Protein chains: 2
Amino acid sequence: MSDAYYLHLTDRLRDLIQDPEAFEDDRLPSERVLAERFHTTRVTLRQALAQLEGEGRIHRSNRRGWFVSPPRLDYDPTRDAGFNDYVKAQGRRPRTEVLLTDIRPHRPAAEALGLPLDQPFHHIRRRRFVDDRAVLSESLWVVPERAPQLLEGDFTHSLWGQLRGRWGLTLAHRSLRLYSEAIREQEAEELGVAAGTAGLCVRRTILDEQRRPVEYDEEHWLHNALCIAVELENSV
Amino acid sequence: MSDAYYLHLTDRLRDLIQDPEAFEDDRLPSERVLAERFHTTRVTLRQALAQLEGEGRIHRSNRRGWFVSPPRLDYDPTRDAGFNDYVKAQGRRPRTEVLLTDIRPHRPAAEALGLPLDQPFHHIRRRRFVDDRAVLSESLWVVPERAPQLLEGDFTHSLWGQLRGRWGLTLAHRSLRLYSEAIREQEAEELGVAAGTAGLCVRRTILDEQRRPVEYDEEHWLHNALCIAVELENSV
DNA sequence: TTACCTATCTGGTATATACCAAGAGTTTGG
DNA sequence: CCAAACTCTTGGTATATACCAGATAGGTAA
């Protein structure tokens with residue numbers, strides 16, 4: 001069925017969004033306008049839009065409309081260049097908002113770090129932007145013994161940098177897990193997208209040189225906002 | 001709008017598929033049957049199914065029906081344990097099909113490896129299964145000078161193992177890129193899914209100890225078939 | 001100026017219906 | 001007994017329509 005009409009529609013819309021002259025400010029015309037222009041119904045048109053969304057070419061923001069997606073951000077989750085630094089290095093504008101800090105137990109963190117389930121953590125929750133688009137919601141859980149008074153600092157910048165600088169931690173053993181997911185209600189709200197939107201989850205577990213648990217964190221990215229890029233030397 | 005009916009539907013279907021007694025052989029009842037059972041239309045029901053598909057809980061195979069997805073495969077793209085080995089190690093049944101081998105230029109490979117665009121490569125295309133479900137379509141392009149007579153070997157097993165064993169190559173510098181994608185027509189056909197299905201692309205560029213180009217490859221995975229798992233020591 | 005309200009625009013959800021095309025299984029003809 | 005033909009079932013595509021709820025912008029009142 002590669003001759004389905006909605007696939008032709010997809011092609012034509014793809015051409016449209018690749019033409020920088022087509023419309024102002026990366027915002028697509030409304031679904032109703034596009035449906036009329038292409039002589040079809042909103043239902044069919046939305047199939048084509050969903051297709052392009054899957055390809056990562058467009059995205060929607062709540063009930064505001066469809067937008068042409070900017071290039072993906074290159075991101076190396078094994079390094080701590082600091083979000084602000086690597087976003088700027090790619091000619092983009094970073095911003096970080098701290099949504100919440102508190103101290104409390106967290107089961108997944110405890111399990112990942114091999115600690116008792118009632119172990120309290122320093123918890124930081126933040127939201128990060130690239131060019132004013134919210135692309136990432138993340139939570140970090142830090143073992144208080146490793147970094148006392150952590151929560152009195154400034155979390156709009158690199159946390160790993162602080163762990164190394166203020167407490168001399170090494171972050172020697174890092175375990176990384178990446179997988180596609182549907183973004184859940186809470187994160188969706190923070191990112192201004194519908195729950196169920198395609199996302200990419202990055203989970204990290206970090207131990208220090210003596211294999212003592214240091215930190216666990218979860219990043220929820222919009223799926224088309226990033227490209228994971230890792231460089232490795234030897235060690236196979 | 002968290003009280004949308006299709007979200008209730010999603011919840012009930014989620015319960016249904018988590019109940020191992022609910023139905024035989026991981027196959028869901030047909031959309032028409034489910035729609036009737038939940039007193040709604042196929043259109044709304046399909047929204048709920050799409051939601052669960054995004055969560056990675058179910059998948060569809062062409063026009064055959066919907067199936068409960070098995071657990072994700074843990075996969076470390078930085079190591080070469082060999083597909084067969086790590087699939088077996090997780091208690092699953094691997095299978096590999098070689099779809100094509102030839103010699104020809106390939107622009108993305110040439111660009112990634114820094115070679116002239118007309119540089120010919122040994123090209124291998126294969127499809128890999130876990131428990132008889134096709135989950136991965138991949139292509140490899142190997143620089144002929146590094147591995148002469150490569151194409152006379154057996155490609156149902158680890159290629160990296162052969163590069164090391166038969167030609168003493170080191171694969172010292174590895175560059176990895178991961179990103180979500182919509183699976184394209186050709187790969188979709190090979191995997192028995194609809195074009196546009198959510199996928200994860202893994203691209204690797206490999207140089208040897210002297211930084212000579214060795215190999216470039218692209219893996220196209222069904223998005224809910226895998227979890228990338230990487231362990232790192234030091235080096236931050 | 002500021003704060004609130006309101007009309008209007010947007011995408012989001014839902015029903016009802018129809019026909020198409022590929023898979024799978026069954027029947028039939030050799 | 002096997003292969004070809006047919007039928008039934010499945011998901012895939014498409015139209016037409018309606019109403020809902022959040023976002024926005026403009027206007028109005030304090």
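Here's a quick look at the salt bridges in this structure and at how chains A and B meet. The model is predicted. Over all chains, the salt bridges come to 44, and 2 of them cross the interface of chain B and chain A. That interface buries about 3400 Å².

**The bridge between the chains**

- A:Asp74 and B:Arg177 pair up in a salt bridge, with their closest N and O atoms 2.8 Å apart.
- A:Asp74 sits in strand E3 (residues 73-75) of chain A and B:Arg177 in strand E7 (residues 173-182) of chain B, so this pair joins two chains.
- Both ends are partly exposed: A:Asp74 has a relative accessible area of 28%, and B:Arg177 comes in at 27%.

**Bridges inside chain B**

- B:Arg92 meets B:Asp131 in a salt bridge at 2.9 Å, N to O.
- B:Arg92 is in the loop between helix H4 (83-89) and strand E4 (94-105) of chain B, while B:Asp131 is in the loop between strand E5 (120-130) and strand E6 (133-142), so the bridge ties together parts that are 39 residues apart in sequence.
- B:Arg92 counts as buried at 15% relative accessibility, whereas B:Asp131 counts as partly exposed at 32%.
- B:Arg125 and B:Glu190 form a salt bridge too, again given as 2.9 Å from N to O.
- This one links distant parts of the chain, with B:Arg125 in strand E5 and B:Glu190 in helix H7 (residues 185-191), 65 residues apart.
- Here both partners are buried: B:Arg125 has a relative accessible area of 9%, and B:Glu190 has 14%.

**A network in chain A**

- Salt bridges with shared partners join A:Arg93, A:Arg95, A:Glu97, A:Arg127 and A:Asp132 into one network.

**The A–B interface**

- Chain B puts 41 residues into the contact, and chain A puts in 41 residues as well.
- Carbon and sulfur atoms give 46% of the buried area.
- Between the two chains there are 16 residue pairs in polar contact, counting residues at pLDDT 80 or more.
- On chain B's side, helix H3 (42-55), E7 and strand E10 (226-233) each supply at least two residues.
- E7 of chain B gives the most to that side, with 10 residues.
- By class, the side of chain B that touches chain A has 15 nonpolar, 12 polar and 14 charged residues.

Key. Residues are numbered from 1 along each chain as its sequence is written. Chains are lettered from A and ligands numbered from 1 in the order in which they are written. This is a predicted model: local features need pLDDT of at least 70, side-chain atom pairs count only at pLDDT 80 or more; totals for chains, interfaces and linings use all residues. Side-chain values use heavy atoms; hydrogens and water are left out. A salt bridge is a side-chain nitrogen of Lys or Arg within 4 Å of a carboxyl oxygen of Asp or Glu. Helices (H or I, at least four residues) and strands (E, at least two) are DSSP runs, numbered from the N terminus. Buried means under 20% relative accessible area, exposed over 50%, partly exposed in between (1.4 Å probe, protein chains only). Contact means heavy atoms within 4.5 Å. Buried area is the accessible area (1.4 Å probe) that two parts lose on being put together, summed over both. A polar contact is a pair of N or O atoms within 3.5 Å; within protein, one must be able to donate a hydrogen and the other to accept it, and residues adjacent in sequence count only if both atoms are side-chain atoms. Ala, Val, Leu, Ile, Met, Phe, Trp, Tyr, Cys and Pro count as nonpolar, Asp, Glu, Lys and Arg as charged, and the others, Gly among them, as polar.
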